Amino acid sequence: KMDFSQYNDAERAHLQRIIEMKQMRDFMKFYTNLVERCFNDCISDFTSKTLTSKEETCITRCTDKFLKHNERVGQRFGELNQQPMQQQQMPSPQPPQQSGGSSWFGR
């Protein structure tokens, strides 16, 4: 979470609105991608207003898969994002002392 304590109330409110607008744009982009992907993959019969049972099943599977994939990507991103923070908190390891000549291959 970002620290906005150095800003006054008006600046914090403005930054919060910017963040909320960005989050809404990101959500709408995600939703649009989901709809477009599943529509293109699943809908093939344009002779009826209603979905066929095959299309409904496809849509359900597609959205489930898309949501699970997005969740996994988010988890993985979070894991990768944590690594630099953990490395900053850990003391730097001392480089190993080499005996003899200095070579990339330990000769």
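Is Phe-39 buried, partly exposed or exposed? With a relative accessibility of 39%, Phe-39 is partly exposed (buried is under 20% relative accessible area, exposed over 50%, partly exposed in between, with a 1.4 Å probe and protein chains only). This is a predicted model, where local features need pLDDT of at least 70 and side-chain atom pairs count only at pLDDT 80 or more, while totals for chains, interfaces and linings use all residues. Residues are numbered from 1 along each chain as its sequence is written, and side-chain values use heavy atoms, leaving out hydrogens and water.

**Overall picture**
- The protein has two helices and zero strands (DSSP runs, H or I of at least four residues for helices and E of at least two for strands, numbered from the N terminus).
- Of its 107 residues, 7% count as buried.

**Nonpolar core**
- Five residues form the largest nonpolar core: Leu-34, Cys-38, Cys-42, Ile-43 and Cys-62 (buried Ala, Val, Leu, Ile, Met, Phe, Trp, Tyr and Cys joined through side-chain atoms within 4.5 Å).
- Helix α1 (residues 9-42) gives the largest share of this core, three residues.

**Aromatic pairs**
- There are three aromatic pairs (Phe, Tyr and Trp rings, the six-membered one for Trp, with centres within 6.5 Å; planes under 30 degrees apart are stacked, over 60 edge-to-face, the rest tilted).
- Phe-30 and Phe-66 make a tilted pair, 5.3 Å centre to centre with 50° between the planes.
- Phe-30 is in helix α1 and Phe-66 in helix α2 (residues 53-89), so this pair ties together parts 36 residues apart in sequence.
- Phe-39 and Phe-46 have ring centres 6.1 Å apart and planes at 50°, so they too are tilted.
- Phe-46 is exposed, at 61% relative accessible area.
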